[in-house]
Amino acid sequence: MSEPTLPPIGMLAELTHRCPLQCPYCSNPVELLKANLEMTTESWRALFDQAADLGVLQVHLSGGEPTLRPDLEALVRQLAGRGVYTNLITAGVGMPEGRIDDLAAAGLDHVQISFQGAFAPTTERISNHRGAHEKKIATAGQVRAAGLPLTINAPVHRHNMDEVPAFIDLALELGAERLEIANVQYAGWALLNRNALMPDRASVERQVEVVRQAQEQLYGILTIDFVTPDYFAMYPKPCMGGWARDAFVVAPDGTVLPCHAAGTIPNLVFERFGERDLAEIWQHSPAFSAFRGTSWMGEPCRSCDRKEIDWGGCRCQAMAIAGNARETDPACIKSPIHARMAALIEEATATEDCKFLYRRIGTSYLAGR
Ligand code: SF4
Ligand code: FES
């Protein structure tokens, strides 16, 4: 018997793939969409209206860099008018004076700024953007001055994991309410850069301990969220909270996706907003139904007591590593190919060539090799 489809709670709106940074850990697809394919203001507004009708409570305005859209204020205003909580996910560079105030006036609820390093040289090297660190610090100041809550997002990997204590200091200095230490997930550009980004086990273990202690010491002062590294885990995370369970992603051209990497799964056909209403896509699109709930699962997930905790983990990771999205996520210790994760760590950490393949729009990714 198929499970009833509940309404979604969250939506990640990738307003654009354009971005001033070129981070090699980016989870955007390798084939980035150019500006001429982005949805118009009116289409985004229609989509947000339907999302609110459908029950969406939070919209994460993301990209790429969402502030490159000059209509961002109008989109925030519309969402706020519908009572939807808005979170701006920004790189925090190139923010003109007054923009954050304008967004706050439009009704923006929260800002998340990513830092590629806790120190300027690391941020510049990983983002491939001169002056990025200082610009981010200035944006964080504008966010606090506007009275908006601030989250610092620190995507961590081999090249900045030893800066985790300094990330914590930075978040405190900037007056953030929340720090997200997010071990990089290997999808999109990050998968292309896996060998260059993969940390070693000893660094991961040190990091886990540093974060655990800081969470204890800073309880009530700074909330530290920790996104654990799948390759070093015993069990997978419930990716997206479960496929098509309570959240979805919309790409810049209006393609509605169950997750940001779903396009890597062959044979799934994704529908575009405008060709069909959002509610119909959510409820009836075959791509959304493909892995919703538990009825698609084979063994060992089908008889596992965690199947409604992690919902079988990440379908895109199963695709990337097992070569089949229907397989158990190899991050799970019960997966018959779990040992492949350890082999991939070894292979990556033995790689001496740590050159990044920087994220770039409109170039073949092979060109950088
Ligand atoms: Fe999750 Fe499947 Fe592993 Fe059970 S067997 S823990 S449901 S991935
Ligand atoms: Fe697609 Fe995890 S990224 S299910």
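Mentor: With contacts. Two residues are in contact if their C-beta atoms, placed from the backbone, lie within 7 Å. Keep in mind that this is a predicted model.

Trainee: Leaving out residues up to four places away in sequence, which residues does Cys19 touch?

Mentor: Cys19 touches Gly63, Gly64, Glu65 and Ala91. Cys19 itself sits in the loop between strand E1 (10-14) and helix H1 (41-54).

Trainee: Is Cys19 buried or exposed?

Mentor: A residue is buried if 20 or more other C-beta atoms lie within 10 Å of its own. Cys19 has 23 other C-beta atoms within 10 Å, so Cys19 is buried.

Trainee: And where is Cys23?

Mentor: Cys23 is also placed in the loop between E1 and H1. Cys23 counts as buried because it has 24 C-beta neighbours inside 10 Å. Beyond four places in sequence, the contacts of Cys23 are Gln116, Ile126, Ser127 and Arg359.

Trainee: What does the UniProt record say about Cys19, Cys23 and Cys26?

Mentor: The unreviewed UniProt entry annotates Cys19, Cys23 and Cys26 as "binding site". The unreviewed entry also places "domain: Radical SAM core" at residues 5-222. In the model, the span 5-222 is 41% helix and 16% strand, and its end C-alpha atoms lie 36 Å apart.

Trainee: Which residues are closest to ligand 1?

Mentor: Ligand 1 is surrounded by 14 residues, and the closest are Cys301, Cys304, Arg306, Lys307 and Cys332. Sorted by class, this shell holds six nonpolar, three polar and five charged residues.

Trainee: How many bridges join E6 to E7?

Mentor: Five bridges join strand E6 (residues 178-183) to E7, and the two run parallel. Leu179, for example, has Ile224 in E7 as its bridge partner.

Trainee: What about the nonpolar core?

Mentor: In soluble globular proteins, nonpolar side chains tend to be buried together. The largest nonpolar core here has 94 residues, of which Val59, Ile152, Phe167, Leu179 and Ala190 touch the most other members. Helix H6 (residues 164-173) gives the most to this core, with five residues.

Trainee: Which residues does Ala190 touch?

Mentor: Setting aside residues up to four places away in sequence, Ala190 touches Tyr25, Cys26, Ser27, Val184, Gln185 and Leu197. One of these, Cys26, belongs to the "binding site" annotation from UniProt.

Terms used. Residues numbered from 1 in each chain as written. Chains lettered and ligands numbered in written order. Predicted model: local features only at pLDDT ≥ 70, side-chain atom pairs only at ≥ 80, totals over all residues. Pairing = 2+ DSSP bridges. Helix = DSSP H or I, 4+ residues; strand = E, 2+ residues; numbered from the N terminus. Near = placed C-beta within 6 Å. Nonpolar A, V, L, I, M, F, W, Y, C, P; charged D, E, K, R; others polar. UniProt positions renumbered as here; feature names shortened; annotations may be inferred. Buried ≥ 20, exposed ≤ 12 C-beta atoms within 10 Å, placed from the backbone. Core = buried A, V, L, I, M, F, W, Y, C linked by C-beta atoms within 7 Å.
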